[in-house]
Structure formats: C-alpha cells, structure tokens
Amino acid sequence: MLAGRTEIVWPTPNTAFFDGKPIEAFIQPTASGIVESGLYGGVRNGGTRFHEGIDLFPLKRDRQGEPVDPVFAVMPGVVRHVSTLPGNSSYGRYIVIEHPGETPAVYTLYAHLRAIEPGLAAGTEVARGQRIATMGRSSSVIAIPKARAHLHFEIGVWLARDFQRWYDAQKFGSPNMHGIWNGLNLMGLDPLDFYRCLRAGGVADFQDYFRQMKPVVRLRIASGSRMPDFVERYPSLRTTPVQAADGVGGWEIAFNETGIPFAWTPLQAHELADYKPGEARVLAVDEALAKKWRCKSLAVKTRGQWRAGDDLDTVLQLLFGPR
C-alpha cells in the first residue's frame with residue numbers, strides 16, 4: 001500500500017513495482033517484445049496507436065499454461081459494469097469500478113479476464129485489495145496467446161451520460177453492449193505515472209495529480225447555460241466556482257497531452273459575445289507536447305490558425321453534443 005491521502009494497492013500479486021524493480025519485472029509487452037509497448041500512451045505501431053492503460057503479466061500458471069493470478073480492486077469503490085462475454089469487447093471480460101471516495105471520482109478498469117468472482121455485479125461495493133477476478137487473455141479482437149496473457153489496467157474519468165446518442169450517430173454497425181462504460185466513453189490517465197508520483201510524494205491524491213497536469217490545448221466553447229454532466233460529476237476540476245448556471249455562457253477548458261479535459265473555467269455570456277452557439281476556438285497549443293503522441297490529433301493548424309483535431313473534436317462532441 002502507498003502512503004498518502006489516496007491509499008491504493010497494486011492490482012496483481014506481483015510486488016516488483018513496490019520493490020523498485022524495472023518495468024521488465026511486471027509489464028507484459030506485445031508480440032514485438034518491446035517492453036514499452038505494454039505501457040500507457042503512443043507506444044504501439046511505431047507510435048501511431050494509443051494504449052489506454054498498462055499490461056501486467058502473471059506470476060503463476062496452471063498445468064495448461066493459463067494464468068491463475070488473482071486480480072484485486074486497487075481502492076474501495078462500487079462496481080459499475082461487469083462484461084462477462086468476451087466476444088462483446090476488445091477488452092474481453094472486464095470490470096469497471098468507480099471510486100466515489102476519491103476526488104475526482106475516478107474509475108478503474110480490469111480487462112482480458114479469465115474469470116470474474118461469483119456474485120460480482122453492477123452495484124456491488126468492493127474493498128481495497130478485494131479479489132474481483134482471475135487474470136486471463138480474453139478478447140473479441142485478437143487471440144491473445146497464453147504466453148502473453150495479462151491484465152490490462154486503467155485509471156481514468158468517463159465523459160458523458162448521453163453517450164448512447166453519440167454512439168448511435170456514428171453508425172458503427174454493431175450495438176453498444178456496455179452503456180456508458182463502453183471504452184469509447186472512457187479516458188484513461190497513465191496508471192504507472194500516478195503510482196510513481198504517489199510513491200515519490202509528488203502528489204497526495206488524484207486531485208493533486210490532475211492539478212499538476214500540463215495544458216497542451218486550451219480552448220473556449222460557447223456552450224450556453226447548460227452545465228455539462230462531466231463538470232457536475234467532477235466539480236473538483238473547476239478552477240473557479242459556478243455562481244449561477246444561468247450566468248454561464250460557456251467554458252475555457254485545458255486538455256492534457258492525451259485529451260483529458262482536466263481544468264474548467266466558467267465564462268460569462270459577455271465573454272463569448274462574438275462566438276456562435278456551440279462554437280469552439282483554440283486559444284493556445286503547446287506544440288512540443290502536442291507532438292509527443294503521434295497517435296493523438298488534438299489540434300491542427302490550417303492557414304496559421306489552430307482548430308480542434310479529430311480526437312479533440314470527438315471529446316467535445318461527447319461533452320457538449322453535436323456542434
């Protein structure tokens with residue numbers, strides 16, 4: 001367990017991280033064999049493919065070579081989603097737990113599971129360190145070989161209650177089997193970086209961690225007086241209080257290098273007087289940080305003017321609806 005206001009355990013029995021060992025002692029790489037490919041970020045396909053979490057390998061296997069390591073809830077929380085059919089998601093069998101005791105109330109996700117503990121269902125309260133599943137290699141997209149069985153682990157925030165309407169508008173061709181806990185509605189931060197910062201004393205909790213995020217894109221959007229449910233659910237991400245909803249004309253939002261909207265400043269209508277309803281304007285871009293992940297399109301410069309890139313535009317659609 002790590003000391004501090006946030007008390008968190010590792011999601012598997014492997015103690016290598018706490019023992020100060022290198023990532024080779026706990027991270028499962030892809031078929032490339034490059035250990036960094038199991039980390040968070042633009043670590044795959046030459047940097048063009050984003051990985052939302054970290055992959056952790058098992059310590060023990062049965063006679064058939066299948067993993068038997070237990071998977072633990074890393075913090076107290078409430079189970080929000082349990083997907084028992086591996087064919088329904090690239091996550092395979094997976095569990096999402098929300099942590100209302102944290103600020104903001106982050107989720108954790110545990111994927112590619114071999115088995116889920118009996119009785120675990122949406123609404124179940126779990127304790128820190130409680131066994132919730134067995135590590136595995138389930139997935140709907142690729143056949144994960146035994147040798148690369150692992151736990152995919154995420155920590156993050158979710159974007160919108162009205163996710164289904166956005167999903168239906170995309171015409172994906174397959175139904176959404178996971179409600180708001182579909183991976184497209186989840187934005188993960190770097191789990192290993194959070195553990196490292198907490199262990200080093202650089203942060204005491206998630207609120208500290210979000211506050212130290214660096215803005216890569218800042219924009220303003222004329223969203224009107226309607227409060228985005230994201231801000232209602234994560235009020236700690238507001239930089240100033242909202243005095244009255246009818247006085248809000250929009251928001252200035254800071255996004256980190258992967259597009260997480262981590263700082264929200266309410267704006268009065270007169271501050272957006274020359275904006276059209278729903279219009280978003282990019283104010284500033286940290287070009288060096290924006291280029292860190294080639295797999296993310298957050299801002300694009302056209303004729304000397306910045307605009308939201310495809311990935312950032314998707315986030316804005318989920319947060320505010322079609323523009």
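Strand β5 (residues 77-83) and strand β6 (residues 93-98) are joined by five bridges and run antiparallel. The model shown here is predicted.

**Strand β5 and its partners**

- In the pairing with β6, Val 82 has Ile 95 of β6 as its bridge partner.
- β5 also pairs with strand β9 (residues 125-126).
- Two bridges make that link, and β5 and β9 run antiparallel.
- Gly 77 is bridged to Val 126 in β9.

**Burial of β5**

- Of the seven residues in β5, five are buried.
- Buried here means under 20% relative accessible area.
- The strand is therefore largely enclosed by the rest of the structure.
- In general, side chains of a regular strand alternate between the two faces of the sheet.

**Helices α1 and α6**

- Helix α1 spans residues 163-170, and helix α6 spans residues 310-320.
- Their axes come within 8 Å.
- The axes cross at roughly 130°, so α1 is oblique to α6.
- The crossing of α1 and α6 is right-handed.

**The contact between α1 and α6**

- On the α1 side, the contact is made by Phe 163, Trp 166 and Gln 170.
- On the α6 side, Thr 314, Gln 317 and Leu 318 take part.
- Three residues of this contact are nonpolar and three are polar.

Methods
Residues are numbered from 1 along each chain as its sequence is written. This is a predicted model: local features need pLDDT of at least 70, side-chain atom pairs count only at pLDDT 80 or more; totals for chains, interfaces and linings use all residues. Side-chain values use heavy atoms; hydrogens and water are left out. Buried means under 20% relative accessible area, exposed over 50%, partly exposed in between (1.4 Å probe, protein chains only). Helices (H or I, at least four residues) and strands (E, at least two) are DSSP runs, numbered from the N terminus. Two strands pair if DSSP finds at least two bridges between them. Axes are lines fitted to C-alpha atoms, for helices over the stretch in contact, and angles run from 0 to 180 degrees between N-to-C directions. Angles under 35 degrees count as roughly parallel, over 145 as roughly antiparallel, 65 to 115 as roughly perpendicular and the rest as oblique. A crossing is left-handed if the near helix is turned anticlockwise from the far one by less than a right angle, and right-handed if clockwise. Contact means heavy atoms within 4.5 Å. Ala, Val, Leu, Ile, Met, Phe, Trp, Tyr, Cys and Pro count as nonpolar, Asp, Glu, Lys and Arg as charged, and the others, Gly among them, as polar.
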